[in-house]
Every structure is written in C-alpha cells, then in structure tokens.
Amino acid sequence: MSRRVVRFFVAGRVQGVGFRAFLIREGNALGLDGWARNRADGSVEALAAGSDAAISAFLEAARRGPWGARVDRLWQTPADESELAGVDGFGMAATV
C-alpha cells in the first residue's frame with residue numbers, strides 16, 4: 001500500500017474553536033501519521049500521511065471543521081514523506 005502525503009493550510013475562523021484538536025481526533029481515527037499546528041497569521045497547518053482514502057476523508061473533514069469554525073479557504077502545498085521522520089500517529093506541533 002502506498003502512502004499519500006499532504007500539507008495543507010486552513011484559513012477562516014480556525015483558531016480558538018478547537019480546530020487543531022478536531023484535526024488530531026480525525027487524523028487518529030483515520031489512522032494517519034502527522035501533525036496540526038496554529039500559525040501566527042491565524043491559519044492552521046497540517047501535515048498528514050496515509051492511504052488515499054484516509055487522506056481524502058481527512059481533507060473533507062478539514063473543509064468542514066468543528067462546530068464554531070468557519071473555513072474560508074483550504075490550500076495544499078508540496079509535502080514529502082521525509083518530513084514525517086519519527087512521527088507515529090497524529091498529534092500537535094508547536095505554533096509557528
């Protein structure tokens with residue numbers, strides 16, 4: 001089974017509404033490896049690796065977000081498996 005790796009950013013009302021915790025729950029429920037973190041510009045960033053189906057479901061959940069969030073924009077940038085060296089499961093990374 002091949003793994004798909006994605007990095008994405010979400011903008012809108014995504015800080016202060018439990019968005020990272022939501023992504024962490026979803027990521028772990030889908031069996032993904034990766035992390036989510038807040039960014040100083042008010043967005044949330046996530047890096048995730050897993051099966052195509054799990055990544056697709058994760059991106060769909062991120063577009064929806066938790067109750068109280070408002071997703072105005074979601075965009076992806078290139079990501080590489082090497083960025084997840086030593087990461088097992090889905091957790092929180094430090095704010096940047």
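## A hairpin in the sheet

Gly34 has Ala48 as its bridge partner in strand E3. This model is predicted. The two strands concerned, E2 and E3, pair in the antiparallel sense. Between them, the hairpin has five residues. There, Gly42 takes a positive phi near 95 degrees.

Strand E2 also pairs with E5. Here the sense is parallel, over three bridges. Trp35 stands opposite Gly91 of E5. In general, strands of a sheet pair through backbone hydrogen bonds, in a parallel or antiparallel way.

## The whole sheet

How many strands form the open sheet, and in what order? There are five, and the order is E4-E1-E3-E2-E5. The pairing is mixed. Strands E4 (70-77) and E5 stand at the edges. Each has a single partner strand, so one side of each is left without a neighbour in the sheet. From one strand to the next, the twist averages 20 degrees.

Gly12 stands opposite Val71 in E4.

## Helices on the sheet

Helix H1 (residues 19-29) packs on the sheet. H1 touches E1, E2 (33-38), E3 (44-50), E4 and E5. The direction of H1 makes about 165 degrees with that of E5.

Helix H2 packs on the sheet too. H2 touches E1, E3, E4 and E5. The direction of H2 makes about 5 degrees with that of E1.

## An enclosed strand

Is strand E2 enclosed or open, and why? Six of the six residues of E2 are buried, so E2 is largely enclosed by the rest of the structure. Both faces are covered. On one side, Asp33, Trp35 and Arg37 are buried. On the other, Gly34, Ala36 and Asn38 are buried.

## Aromatic rings

A search of the whole structure finds four aromatic pairs. One of them joins Phe8 and Phe58. Their ring centres are 5.7 Å apart, with 70 degrees between the planes. That pair is edge-to-face. Phe8 lies in strand E1 (residues 4-13) and Phe58 in helix H2 (residues 52-64), so the pair ties together parts that are 50 residues apart in sequence. Are Phe8 and Phe58 buried or exposed? Both are buried.

Phe58 also pairs with Phe90. Why does this pair count as edge-to-face? The ring centres are 5.3 Å apart and the planes stand at 65 degrees, so the pair is edge-to-face; the cut-off for that label is over 60 degrees. This pair again links distant parts of the chain. Phe58 is in H2, Phe90 is in strand E5 (residues 90-92), and they are 32 residues apart.

Ring pairs link Phe8, Phe58 and Phe90 into a cluster. Phe58 has a relative accessible area of 0% and is buried. Phe90 is buried as well, with a relative accessible area of 6%.

## A charge over a ring

Which residue has its charged end over the ring of Trp75? The residue is Arg73. The charged end of Arg73 sits 4.1 Å from the centre of that ring.

Definitions and conventions
Residues numbered from 1 in each chain as written. Predicted model: local features only at pLDDT ≥ 70, side-chain atom pairs only at ≥ 80, totals over all residues. Heavy atoms only, no water. Phe/Tyr/Trp six-rings, centres within 6.5 Å; stacked < 30°, edge-to-face > 60°. Helix = DSSP H or I, 4+ residues; strand = E, 2+ residues; numbered from the N terminus. Buried < 20%, exposed > 50% of the residue type's maximum accessible area, 1.4 Å probe, protein only. Lys NZ or Arg CZ within 6 Å of the ring centre and 35° of its normal. Pairing = 2+ DSSP bridges. Axes fitted to C-alpha atoms, helices over the stretch in contact; angles between N-to-C directions. Contact = heavy atoms within 4.5 Å.
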